[in-house]
Amino acid sequence: MPKNKVLQFLLVEDQQLMRELLRSHLQREFSGCNIVEIESLAGLLKISSSSVFDLSIVDLEMPDGNAMDWVIERVKLPEQPRVLILSSSDEDYVLYRALHSNIPGFVHKNDNTETLLAAIKAVLAGDVFFSSTVQKMRSRMQSEPLFFAKILSEREQEILKHIGRGLRNSEIAQMVHPPLSESTVADHRKRIMQKLKLHREADLIRYAQEKGFS
């Protein structure tokens, strides 16, 4: 990256105080940089895929939805835009999706400012940076024998995501790809409960929501 290049940042954060702090740090560390600020998922979705930023710093949890889908699609673009997740999320499914994508950076909001600045510089330089907090979360996932990815197939995970949103079997059947019959979804639901050792529908929905599937 040219030494005197004016850096272009996309800052996605719904909390005003956090945006102000992040803006202040960026302006101090990268003098003259340009910063586009977004505070909702709806606003983020309006960002054109052709918009060029040197780095997008994205909080996943927006008031109107989760930004993970946008992040994953963004890093798939041919020019491989640099994205750094900055999130307080500790939900297993969110972390799992982040770590199984091409996202180059993930810092937890429990980390300190020095870690965040190190991550920004590393990702800008083309490196990969996952903070110590995120790495500890990944280690816990890998060591947990009942972690969902070890016992549920990708199809079952997809169905569990819709279950967490409270959808009926008939609705889920039409939303998965390729579509399934209602009875097949019911069979999947039953197997998911058996694998997770859950006995009530309410417990299944609660599990999905607590793990970040909803």
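Here is a walk through this predicted model, selection by selection.

Residues are numbered from 1 along each chain as its sequence is written, and side-chain values use heavy atoms, with hydrogens and water left out. Local features need pLDDT of at least 70 and side-chain atom pairs count only at pLDDT 80 or more, while totals for chains, interfaces and linings use all residues.

**Colour by confidence.** pLDDT is the predictor's confidence in each residue, from 0 to 100. The protein's mean is 92, and 99% of its residues reach 70 or more. Helices (H or I, at least four residues) and strands (E, at least two) are DSSP runs, numbered from the N terminus.

**Show the sheet.** Six strands form an open sheet with parallel pairing, in the order β2-β1-β3-β6-β7-β8. The edges belong to β2 (34-38) and β8 (129-130); each has a single partner strand, so one side of each is left without a neighbour in the sheet. Strands pair here if DSSP finds at least two bridges between them.

**Step along from β2.** Select residues 8-12, which are β1: five bridges join this strand to β2, and the two run parallel. Click Leu-10 and look across to Val-36, its bridge partner in β2. On to β3, which pairs with β1 in the parallel sense over four bridges; Phe-9 stands opposite Leu-55 there. Next comes β6 (residues 83-87), parallel to β3 over three bridges, with Val-58 opposite Ile-85.

**Stay on β3.** In a regular strand the side chains alternate between the two faces of the sheet. Show Leu-55 and Ile-57 on one side of β3, then Ser-56 and Val-58 on the other: all are buried, and both faces are covered. Buried means under 20% relative accessible area with a 1.4 Å probe, protein chains only (exposed is over 50%, partly exposed in between).

**Zoom in on Asp-59.** Asp-59 sits in the loop between β3 (55-58) and β4 (61-62). Is Asp-59 buried or exposed? Buried, with a relative accessible area of 4%. Contacts here are heavy atoms within 4.5 Å. Not counting residues up to four places away in sequence, Asp-59 touches Val-12, Glu-13, Asp-14, Ala-67, Leu-86, Ser-87 and Lys-109.
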